[in-house]
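This briefing concerns the structure shown below.

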Amino acid sequence: MAVPKRKTSHARKSSRRSTVWKLNAPTLVICHNCGEYKAAHRACGNCGMYNGRQVIVKANEN
């Protein structure tokens, strides 16, 4: 059975664990219809288009 010869220091332990908690930025793509940024494989929040068709009908804001 493998047993460590020396105690692992706090700095070494923390630096090893530090990459576990990092968050990745969401991947954004440009909508082909309106040019706004949107999440990949999701309907556009601005125009409501997805895969070349209208899937969300936006009400007119007056």
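The lining of the largest pocket consists of V29, I30, C31, H32, N33, K38, A40, H41, M49, Y50, N51 and G52. Two elements, β1 (28–30) and β3 (49–50), each give two or more residues to that lining. The model is a predicted one, in which local features need pLDDT of at least 70 and side-chain atom pairs count only at pLDDT 80 or more, while totals for chains, interfaces and linings use all residues. Residues are numbered from 1 along each chain as its sequence is written, and side-chain values use heavy atoms, with hydrogens and water left out.

**The largest pocket**

- The space in the largest pocket comes to about 190 Å³.
- A pocket is defined on a 1 Å grid over the protein atoms alone, as an open set of points where a 1.4 Å probe fits, with protein on both sides within 12 Å along at least five of seven lines; lining residues have an atom within 4 Å of a point.
- Grid points are joined across faces, edges and corners, and the volume is the space filled by probe spheres set on the points.
- By class, six nonpolar, five polar and one charged residues form the lining of the largest pocket.
- In this classification, Ala, Val, Leu, Ile, Met, Phe, Trp, Tyr, Cys and Pro count as nonpolar, Asp, Glu, Lys and Arg as charged, and the others, Gly among them, as polar.

**Overall architecture**

- The chain contains one helix and four strands, in the order α-β-β-β-β from the N terminus.
- The radius of gyration of the chain is 23 Å, well over the 11 Å that the globule rule gives for 62 residues, so the chain is more spread out than a compact globule.
- That radius is taken over C-alpha atoms, and the globule rule is 2.2 Å times the number of residues to the power 0.38.
- Helices (H or I, at least four residues) and strands (E, at least two) are DSSP runs, numbered from the N terminus.
- The C-alpha trace of the chain spans about 70 × 30 × 15 Å along its principal axes.
- Of the 62 residues in the chain, 10% are buried; buried means under 20% relative accessible area, exposed over 50%, and partly exposed in between (1.4 Å probe, protein chains only).
- Among contacts (heavy atoms within 4.5 Å) between residues at least 6 apart in sequence, 0% join residues at least 24 apart.

**Cysteines**

- The structure has zero disulfides, a disulfide being a pair of cysteine sulfur atoms within 2.5 Å.
- For C31, the closest cysteine sulfur belongs to C47 at 3.7 Å, which is too far for a bond.
- C31 is buried, because its relative accessibility is 6%.
- For C44, the closest cysteine sulfur is that of C34, also too far for a bond at 3.7 Å.
- C44 is buried as well, with a relative accessibility of 1%.

**Loop residues with positive phi**

- H41 is in the loop between β2 (37–39) and β3, and counts as exposed because its relative accessible area is 65%.
- Although H41 is not a glycine, its phi is positive, at about 60°.
- N51 is placed in the loop between β3 and β4 and is exposed, with 67% relative accessibility.
- N51, likewise a residue other than glycine, has a positive phi near 55°.
- Most residues other than glycine have a negative phi.
- H41 and N51 are ten residues apart along the chain, and their C-alpha atoms are separated by 8.6 Å.

- E36, in the loop between β1 and β2, is partly exposed with a relative accessible area of 41%.
- Leaving aside neighbours within four places in sequence, E36 contacts V29, I30, C31 and N46.
- E36 and L23 are 13 residues apart in sequence, with 23 Å between their C-alpha atoms.
- K58 lies in the segment after β4 (53–54) and counts as partly exposed, at 45% relative accessibility.
- Not counting residues up to four places away in sequence, K58 touches G45 and N46.
- K58 and K22 are 36 residues apart in sequence and 36 Å apart in space, C-alpha to C-alpha.
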